[in-house]
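Here are my notes from going through this one. Have a look at the model first, then read the points alongside it.

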Amino acid sequence: MPGTRPLLGIGAPLPGAAGPTERADAARNRQLLLDAAQQLVREQGVDGLTMDALAKRAGVGKGTVFRRFGSRSGLLLALLDHSERKAQEAFMFGPPPLGPGAAPVERLVAFGRARLLDIDVEGELYRAAEVGEARDRYSGAPYLLLKAHVSMLLRQAGVPGEIPLVADSLLGALSAALIMHQMRAQGYTRDQIGDNWEALVRHVVSR
């Protein structure tokens with residue numbers, strides 16, 4: 001079940017994060033709050049996620065939300081960690097083609113398209129994470145996990161050359177800031193960007 005595997009989050013324990021001795025009911029309540037917060041962001045954007053709005057959506061008092069997350073900033077950090085863990089669960093353990101069981105190139109294509117969907121609906125969260133990580137972005141656990149996954153698939157596909165460099169180049173095409181610029185400023189659709197990602201992956205693999 002999700003949450004039972006040792007996934008890498010976005011760093012140190014966050015406000016609202018589960019502790020090693022957290023009661024089962026408290027863990028369920030945290031999960032429900034974060035699921036409700038994720039729905040709000042997908043429906044209304046990050047600006048629509050307030051402590052009041054989350055309390056109303058989850059059917060709890062605002063004090064409960066503040067006690068769990070401390071502040072709106074704490075809530076946003078916890079939500080990003082929640083989203084990243086769900087994404088990790090999908091590509092590490094989920095059904096193919098994103099998860100194990102499909103050919104490496106198909107998994108790479110599915111990985112990029114899934115990442116684009118996450119950025120499309122929660123882009124501000126991902127962009128904030130990239131800006132917040134700044135200098136440490138490429139040495140932090142979240143990026144290193146994505147890089148390890150892409151590197152593994154590239155090796156399985158028999159791609160030659162310096163795999164770490166190739167993986168970095170591919171992941172650069174999935175930067176939240178770049179994707180949001182392509183969608184908002186350049187007018188590309190998620191499908192167009194996804195098709196470009198697929199063409200890029202197939203070109204790299206066909207070498």
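1. A contact here means heavy atoms within 4.5 Å. On that basis, residues 24 or more positions apart account for 66% of the contacts in the protein with a separation of 6 or more.

2. Some ground rules. The model is predicted, so to speak of local features pLDDT must be at least 70, and side-chain atom pairs count only at pLDDT 80 or more, while totals for chains, interfaces and linings use all residues. Numbering starts from 1 along each chain as its sequence is written, and side-chain values use heavy atoms, with hydrogens and water left out.

3. The overall make-up is nine helices and zero strands (DSSP runs numbered from the N terminus: H or I of at least four residues for helices, E of at least two for strands). Along the sequence that reads α-α-α-α-α-α-α-α-α. Of the 207 residues, 42% count as buried, buried being under 20% relative accessible area, exposed over 50% and partly exposed in between, with a 1.4 Å probe and protein chains only.

4. How do α2 and α3 pack? Helix α2 (residues 51–58) and helix α3 (residues 62–69) sit at an angle of about 115 degrees, their axes 8 Å apart. Axes are lines fitted to C-alpha atoms, for helices over the stretch in contact, and angles run from 0 to 180 degrees between N-to-C directions. That makes α2 roughly perpendicular to α3 (65 to 115 degrees; under 35 is roughly parallel, over 145 roughly antiparallel, the rest oblique). On the α2 side the contact uses M51, D52, L54 and A55, and on the α3 side K62, V65, F66 and F69. By class, that contact has six nonpolar, no polar and two charged residues. Nonpolar covers Ala, Val, Leu, Ile, Met, Phe, Trp, Tyr, Cys and Pro; charged covers Asp, Glu, Lys and Arg; the others, Gly among them, are polar.

5. Helix α1 (residues 24–44) also meets α3: their axes come within 12 Å and cross at roughly 105 degrees. So α1 is roughly perpendicular to α3.

6. Helix α7 (residues 163–172) buries I163, V166, A167, L170 and L171. Down the axis of α7 these fall within an arc of 130 degrees, so they line one face of the helix (the arc is taken from directions from the helix axis to the C-beta atoms). The face turned away from the buried side carries exposed L165 and S169.

7. The peptide bond from P96 to P97 is cis, with omega near 10 degrees.
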